[in-house]
Amino acid sequence: MSRRPGPSLPPPAKKPKGEGEPPKGEGDPPKGEDDIMSVLFETPSGFAIFHCCASLIEGKDVLEGLWVKFTDNFDAYRLVWLKQFKTFEDKSSAIMQNGVNERLSKMIMKFHFPWSKLAVAKPEYKEIVELYLNISCVHGPAVMELMWGIQNCMQLLVPMEKQKLTEADRLPISEGLHALLSRYGCVVKPEMVSEEIVNVASALFWCESVEKENETPLRSLGCLINRVSGINCDSWSFLTIATAIQVIWCPEEIAGPCEEFSAKKISRLFEDRDTYDAYLDKYECVRTSVVMIKAHDVRTRSEKRLKFLVEQAKASEA
C-alpha cells in the first residue's frame with residue numbers, strides 16, 4: 001500500500017544509549033518465558049550456560065528432594081537445557097576481581113533474559129557478574145543443589161566436556177543426599193559417592209516418599225478398622241495396615257507380614273469386607289497396599305546394599 005503524500009517529517013532524534021529502556025531484570029517478559037532462569041555452570045575445562053525453570057529451585061522441599069531429579073538421565077535432560085559451552089585455556093582468568101572475560105561475557109549476555117536471574121555456583125561470581133555485567137544473580141543452598149545435580153549428569157548434559165572431574169572440581173555433596181545417607185548411618189566424602197550409591201539412595205528416597213504420601217490415608221484406615229471390626233490398630237505399622245487391606249479384599253495374595261493377624265482377626269476383617277466396600281474405594285486401597293509392600297521390600301534390600309557400598313568405598317579410600 002502506498003503512503004499518502006504529505007509533508008516530509010524530520011528523522012526522530014536519537015536517544016542516548018540505554019535511555020527509555022527498562023533496566024536489566026525489569027520489564028514484562030514474553031508469555032511462557034517469565035519462569036526461565038539462566039544457569040552458569042563451571043566444568044573442568046570451561047563454562048556452560050543452561051536454561052531451566054526458576055521454580056526448580058523454589059519451594060520448601062528443594063533442599064530435601066531436588067537431587068533425586070538428577071539421578072535419572074531422562075528427568076535431568078528435561079529439567080535443564082544446554083544453550084552453549086565454551087572451553088578456556090586459563091579458566092581462572094574467566095571471572096576475576098577486575099571483570100568477566102569477554103568471551104564468557106558474550107556467552108552469558110547472549111542467553112540471558114533481561115527480566116530473569118542468573119544462577120552461579122560461587123558468591124564471588126555473583127558479586128563480580130552483578131557489578132560488571134549488571135545482571136541480577138542468585139546463589140545459595142538451593143542453587144548448589146541444582147549445580148550438584150547438573151554435575152552428577154555432566155556427561156549427558158555437557159557431552160562436549162571431555163575432561164574428567166578432579167577432586168578440586170567436585171562440588172560438596174548434595175545437602176539432600178547427605179541428609180538421606182545420614183539417616184541410614186552412612187557418612188561419606190564427596191569423592192566416595194559413586195553412581196551406584198546415588199541410585200540406591202534414590203530408591204530409598206522413593207520408599208520414604210511412598211510412606212509419607214500414604215501416611216494420612218493409612219492412619220484413617222486404621223481408625224476405620226477399629227470402628228468396623230473392633231480391632232485396635234494403634235500399635236500397627238503402616239506396613240501392617242497395608243497388609244490388612246489384602247486380608248480384607250485379596251487374602252489369597254497376601255504379601256506383607258502376618259504376625260499381627262490371628263486367625264480370628266483375619267476372619268473378622270474378611271467377613272466385614274462388604275462394610276469396607278461401602279466406606280472405601282477398594283481398588284485405590286489395594287493399589288496403596290501393593291505400593292506400600294513393594295516400598296518395604298525395596299527399602300529392606302536397598303538399605304543393605306547401601307551399607308555394603310559405603311563400606312566398600314571406605315575400604316578403597318584406606
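User: What angle do α7 and α8 pack at?
Analyst: Helix α7 (residues 175-183) packs against helix α8 (residues 195-229) at about 75°, with the axes 10 Å apart. That makes α7 roughly perpendicular to α8 (65 to 115 degrees counts as such). Axes are lines fitted to C-alpha atoms, for helices over the stretch in contact, and angles run from 0 to 180 degrees between N-to-C directions. This is a predicted model: local features need pLDDT of at least 70, side-chain atom pairs pLDDT 80 or more, while totals for chains, interfaces and linings use all residues. Residues are numbered from 1 along each chain as its sequence is written, and side-chain values use heavy atoms, leaving out hydrogens and water.

User: Which residues in α7 meet α8?
Analyst: Leu177, Leu180, Leu181 and Arg183 in α7 meet Ile197, Val198, Ala201, Leu204, Phe205 and Glu208 in α8, where contact means heavy atoms within 4.5 Å.

User: Switching to the sheet, what's the strand order?
Analyst: The sheet is open, with five strands in the order β3-β2-β1-β6-β7 and mixed pairing. β3 (80-87) and β7 (137-138) are the edge strands, each pairing on one side only. Strands pair if DSSP finds at least two bridges between them; strands are DSSP E runs of at least two residues, helices H or I runs of at least four, numbered from the N terminus.

User: And how do β6 and β7 run?
Analyst: β6 (residues 118-119) and β7 run parallel, joined by two bridges. Ala119 stands opposite Val138 in β7.

User: Which strands does α5 lie across?
Analyst: Helix α5 (residues 141-152) lies across β1 (36-42), β2 (46-53), β3, β6 and β7, at about 60° to β1.

Conventions: Parallel < 35°, antiparallel > 145°, perpendicular 65-115°, else oblique.
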